[in-house]
2 protein chains.
Amino acid sequence: MKNIRAEIVTIGDEILYGQITDTNSQWISAELSQIGFKTIRKSSVGDEKEEIRQILREAESRADVILITGGLGPTKDDITKNILAEYFDSKLVINEIALHMVTEFFKSRGRELTEVNRLQAAIPDKCELVRNDMGTAPGMWFEKEGKVFVSMPGVPYEMKGMMSKYVLPKLKSFFKAPNIYHRNIRTIGIGESMLADMIAPWEDALPSHMKLAYLPGIGQVKLRITAIGDDPAKLAEETEQQVIKLQAMASKYIYGFEDDEIEKVVGELLLKQGKTISVAESCTGGFISHMLTRVSGSSRYFQGGIVPYQNKLKIEHAGVHETSIAENGAVSEPVVKDLAEGIRKKFGTDIGISCSGIAGPAGATPEKPVGTVWIAYSDSEKTITRKLQLGGSRDIIIQMTGYSILNMLRLQLLKIS
Amino acid sequence: MKNIRAEIVTIGDEILYGQITDTNSQWISAELSQIGFKTIRKSSVGDEKEEIRQILREAESRADVILITGGLGPTKDDITKNILAEYFDSKLVINEIALHMVTEFFKSRGRELTEVNRLQAAIPDKCELVRNDMGTAPGMWFEKEGKVFVSMPGVPYEMKGMMSKYVLPKLKSFFKAPNIYHRNIRTIGIGESMLADMIAPWEDALPSHMKLAYLPGIGQVKLRITAIGDDPAKLAEETEQQVIKLQAMASKYIYGFEDDEIEKVVGELLLKQGKTISVAESCTGGFISHMLTRVSGSSRYFQGGIVPYQNKLKIEHAGVHETSIAENGAVSEPVVKDLAEGIRKKFGTDIGISCSGIAGPAGATPEKPVGTVWIAYSDSEKTITRKLQLGGSRDIIIQMTGYSILNMLRLQLLKIS
């Protein structure tokens with residue numbers, strides 16, 4: 001099967017001059033790859049007529065689909081629509097559906113439609129309207145000798161809404177794209193190369209119509225299986241069978257699928273087991289509590305946390321024995337043990353977790369270099385501890401500690417050791 | 001003066017397929033604009049020979065400088081170097097300086113140089129070596145008929161190190177770039193349009209060789225003045241005088257310059273005034289403590305924090321009176337007042353700050369919609385409170401609350417009301 005070749009063109013001086021990050025083109029190409037389209041080039045050009053004309057010509061000569069974002073706002077800088085009209089030898093006419101939508105949009109916000117806004121409803125007469133459910137700039141779908149051009153607004157949530165709901169389904173049917181089935185498997189607590197070694201026999205035995213990609217992030221590695229074929233039900237079934245095989249090999253490290261976040265996964269485990277949790281964190285300075293409470297509804301299991309940055313507060317408010325610090329220093333096993341047990345009892349929760357470490361760049365000693373971190377988990381039956389030796393910046397060390405302790409919590413909740 | 005035209009080319013399938021965000025090209029174009037170069041196009045192509053050759057030809061036809069990142073690793077996917085050698089009709093030879101650097105790099109990590117690594121020191125004989133102080137892939141500087149091509153690794157910190165130290169100074173001198181003076185002024189606590197109205201008389205009176213840009217972020221607006229001229233000392237002096245005028249108009253909102261972060265600025269104020277601080281935060285779930293402790297050395301003023309998510313813990317551990325909650329609910333002025341005063345006394349600090357609110361999406365009531373947040377500041381002389389009504393997602397509400405309370409703290413430390 002021939003790959004459909006796509007190009008992405010982002011228009012706007014603000015991207016070109018580095019004032020904003022272009023997140024649109026990454027999102028679009030990831031979505032395209034999900035439906036089997038191959039992005040062959042991404043380009044950004046400024047709000048300049050000749051540049052835009054030129055990139056349209058170039059893209060048309062290379063690709064089957066050209067996806068354009070930006071340059072559709074109501075201000076005078078945004079000239080994309082006029083250039084597209086000219087490029088397709090077309091003239092701008094008010095589109096009644098677009099006009100109705102713009103009018104409703106303003107009405108719902110109690111604002112009056114200005115002439116400038118009314119002109120937003122004008123689109124080239126040779127294109128098809130693509131609805132914008134999130135804003136006022138209409139999308140435009142052009143066809144030319146079997147090729148498709150789609151122009152969308154640059155505001156990310158408007159563009160994403162338009163792509164997901166209208167453009168991607170239309171592209172799939174226009175190009176009669178093959179069926180593709182994706183599965184994202186999220187792992188934690190193991191590095192990319194160790195994971196690759198561990199699952200090599202499984203990976204090598206994957207059928208030829210399935211591909212595996214490794215997508216490493218901070219403290220995590222995501223695996224993505226992509227299967228291509230004719231029968232969607234069969235593809236799904238085959239892929240799920242492979243996932244079951246993979247789980248048998250690496251169950252300890254697989255914590256979720258698709259968009260699962262570790263904080264959401266441990267939250268669901270706590271909820272299901274009816275357990276409550278509290279946190280006593282030193283070197284992470286509030287980040288672990290922040291992770292847990294990023295999840296809406298976390299108040300059902302997260303009772304509270306303490307950040308006893310100073311040793312005095314560790315002793316007075318977080319249950320650390322004076323001798324634990326005096327004999328071992330604040331970054332030590334006895335201190336994180338005291339912290340986890342102390343916070344659990346003080347806050348009256350089923351589980352207490354804790355950490356103490358040197359996030360750097362200051363504060364290191366020869367015995368305890370930057371990145372030395374102790375973490376602990378405590379419940380009514382036991383307290384377990386672990387020493388981490390992390391690398392990277394202060395930020396990375398804080399984040400890695402957060403992921404490590406949430407993984408420790410996950411393994412305990414699942415009774416995996 | 002003629003603008004130097006630059007193009008940025010990023011190479012790599014992982015960018016093209018949306019697996020990683022391209023942050024390099026944004027950073028590069030922002031740096032180029034600082035030295036007065038104009039980025040006219042950004043392109044991303046995959047690890048494919050013909051695509052790379054084509055983009056080199058195109059970019060050469062349009063731009064004066066072509067900056068290329070990616071495709072220089074030791075693996076077989078990374079083919080940029082060979083294509084560059086061919087493009088400049090050159091052959092790869094081991095560069096002695098590069099070889100020495102690669103060897104030292106591996107020696108310092110206790111690893112042996114493999115043949116694959118040794119080949120990294122081979123560069124086209126018609127280019128000049130650009131040193132990589134952070135990694136093993138050398139940079140390459142080519143000149144052709146007055147145009148410059150620079151090839152750099154795709155790893156962001158290697159590329160940034162190389163650009164800042166070697167490439168940008170060399171580009172400035174090669175193209176005899178005009179003098180440009182930049183000043184970034186950071187504001188907080190005021191929206192973009194209100195700020196624009198407030199400083200309009202000043203902005204309108206700026207001399208024609210100075211430009212002002214508004215760069216809005218979450219809870220903040222950065223202003224950037226760019227001055228272009230011949231005499232660097234005069235440019236600096238003129239710009240600083242404008243900054244003084246601006247400060248007189250908007251002093252309440254200006255918290256810093258250049259890369260200053262609000263958490264660093266309040267940290268320095270606390271340090272200078274010899275004051276310590278503690279935090280009692282409910283809806284932000286640890287984020288305020290995390291912000292303060294992101295700063296290395298924050299243990300000199302940050303004593304600790306508490307996240308009393310449940311009402312019971314607010315009463316038992318954070319100094320909230322039972323009647324405050326019973327009569328007003330947890331999201332109320334009396335509760336944040338109790339929290340700020342309570343944590344200050346319990347943790348024995350000069351200052352206590354607190355918040356309680358509804359971060360959403362769940363938890364709203366008709367009287368207290370999502371985004372209703374109370375914040376408080378307390379010291380030995382007084383306690384002040386403020387109600388915020390914020391919009392956006394849970395994440396945004398948490399962040400906005402953090403910025404608002406650090407700004408409240410800043411204004412109190414500076415005795416600005």
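Hi everyone. Of the 417 residues in chain A, 55% count as buried. Please keep in mind that this is a predicted model.

Let me stay with chain A for a moment. Its C-alpha trace spans about 85 × 55 × 40 Å along the principal axes, and its secondary structure comes to 16 helices and 17 strands. If you take contacts between residues at least 6 apart in sequence, 67% of them join residues at least 24 apart. The accessible surface is about 17,800 Å², with 52% belonging to carbon and sulfur atoms. For those of you who like charges, there are 51 positive and 53 negative side chains, and the centres of these two sets lie 3 Å apart.

Now to the sheet. It is open, has twelve strands and mixed pairing, and runs in the order β6(A)-β7(A)-β8(A)-β3(A)-β1(A)-β2(A)-β2(B)-β1(B)-β3(B)-β8(B)-β7(B)-β6(B). The β6 strands (128–130) of chains A and B stand at the edges with a single partner strand each, so one side of each has no neighbour in the sheet. From one strand to the next, the twist averages 20°.

What joins β6(A) to β7 of chain A? Three bridges do, and the two strands run antiparallel. Within β7(A), A:G139 is the residue that stands opposite A:V130.

Finally, the helices. In chain A, helix α2 (residues 24–34) lies across β1, β2, β3 and β8, at about 165° to β2(A). Over in chain B, helix α4 (residues 80–87) packs on the sheet and touches β1, β3, β7 and β8 of that chain, its direction making about 20° with that of β7(B).

Note on methods
Residues numbered from 1 in each chain as written. Chains lettered and ligands numbered in written order. Predicted model: local features only at pLDDT ≥ 70, side-chain atom pairs only at ≥ 80, totals over all residues. Heavy atoms only, no water. Helix = DSSP H or I, 4+ residues; strand = E, 2+ residues; numbered from the N terminus. Buried < 20%, exposed > 50% of the residue type's maximum accessible area, 1.4 Å probe, protein only. Contact = heavy atoms within 4.5 Å. Areas by Shrake-Rupley, 256 points an atom, 1.4 Å probe, with all protein chains shown as cover. Lys, Arg positive; Asp, Glu negative; His and termini not counted. Charge placed at Lys NZ, Arg CZ, Asp CG, Glu CD. Pairing = 2+ DSSP bridges. Axes fitted to C-alpha atoms, helices over the stretch in contact; angles between N-to-C directions.
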